[in-house]
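Keep the structure open as you read.

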Amino acid sequence: MIGLDTNTLVRLIVDDDQEQAARARSAVSRAVAEGKRLFVNRIVLAEVVWVMERAYKRPRAEICSILDRLLNTVDLIVEDREVALEALERYRAGPAGFADGLIAVGNRVSGCACTLTFDRKAARLPEFQHPA
């Protein structure tokens with residue numbers, strides 16, 4: 001198995017640096033041809049969303065489409081895929097961020113009764129509460 005980090009995925013998604021994108025495509029294609037699986041962890045997913053929002057100013061709908069493709073690509077193993085899928089649905093519904101959804105769902109699955117936050121958007125998710 002081979003892990004992919006944020007900048008490799010961004011090159012594959014955006015293709016903004018021709019040389020790096022070509023190298024990333026080649027490495028991924030070679031790994032898949034050799035029967036290796038590719039791994040993406042939750043931090044990378046959160047960073048990809050952040051980069052798409054901040055650096056590339058992509059709209060939420062487009063980012064959701066990118067996440068849909070990543071989460072449903074056969075050759076990708078996504079850490080805690082079910083958590084990421086639920087976080088994606090919350091992100092799609094807005095207004096909380098994707099990372100907020102990962103935190104909320106991940107903490108709930110880990111047994112947390114709630115997660116304390118001062119983030120007003122995150123607090124709209126049922127798993128979050130403002131500290132008393």
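## Helices α4 and α5

This is a predicted model. Start with the residues where two helices touch. From α4 come Arg 60, Ile 63, Cys 64, Leu 67, Asp 68 and Leu 71. They meet Arg 81, Ala 84, Leu 85, Leu 88, Tyr 91 and Arg 92 of α5. Sorted by class, the contact of α4 with α5 has 8 nonpolar and 4 charged residues, and no polar ones.

Now look at the geometry. Helix α4 covers residues 60–71, and helix α5 covers residues 81–93. Their axes lie 10 Å apart, and the packing angle is about 165°. An angle over 145 degrees counts as roughly antiparallel, so α4 and α5 are roughly antiparallel to each other. The crossing of α4 past α5 is left-handed.

## Helices α5 and α6

α5 also packs with helix α6, which spans residues 98–109. Here the angle is about 135°, and the axes are 8 Å apart. α5 and α6 are therefore oblique to each other. Their crossing is right-handed.

Which residues make this contact? On the α5 side they are Val 83, Ala 84, Glu 86, Ala 87, Leu 88, Arg 90 and Tyr 91. On the α6 side they are Phe 98, Gly 101, Leu 102, Ala 104, Val 105, Gly 106, Arg 108 and Val 109. By class, the contact of α5 with α6 has 10 nonpolar, 2 polar and 3 charged residues.

Ala 84 of α5 takes part in the contact with α4. Ala 84 also takes part in the contact with α6. Leu 88 and Tyr 91 are likewise listed for α4 and for α6.

## The sheet

Next come the strands. The open sheet has 3 strands, in the order β1-β2-β3, and their pairing is parallel. β1 (2–3) and β3 (76–78) are the edge strands. Each has a single partner strand, so one side of each has no neighbour in the sheet.

Strand β2 covers residues 38–40. How many bridges join β2 to β3? There are 3, and the two strands run parallel. In one of these pairings, Val 40 has Val 78 in β3 as its bridge partner.

## Salt bridges

Side chains of opposite charge can pair when their charged atoms come close. The structure holds 14 salt bridges. One of them links Glu 19 with Arg 23. Their closest N and O atoms are 3.1 Å apart.

Where do these two residues sit? Both lie in helix α2, which covers residues 18–33. Glu 19 and Arg 23 are 4 residues apart, about one turn of the helix.

How values were computed. Residues are numbered from 1 along each chain as its sequence is written. This is a predicted model: local features need pLDDT of at least 70, side-chain atom pairs count only at pLDDT 80 or more; totals for chains, interfaces and linings use all residues. Side-chain values use heavy atoms; hydrogens and water are left out. Axes are lines fitted to C-alpha atoms, for helices over the stretch in contact, and angles run from 0 to 180 degrees between N-to-C directions. Angles under 35 degrees count as roughly parallel, over 145 as roughly antiparallel, 65 to 115 as roughly perpendicular and the rest as oblique. A crossing is left-handed if the near helix is turned anticlockwise from the far one by less than a right angle, and right-handed if clockwise. Contact means heavy atoms within 4.5 Å. Ala, Val, Leu, Ile, Met, Phe, Trp, Tyr, Cys and Pro count as nonpolar, Asp, Glu, Lys and Arg as charged, and the others, Gly among them, as polar. Two strands pair if DSSP finds at least two bridges between them. A salt bridge is a side-chain nitrogen of Lys or Arg within 4 Å of a carboxyl oxygen of Asp or Glu.
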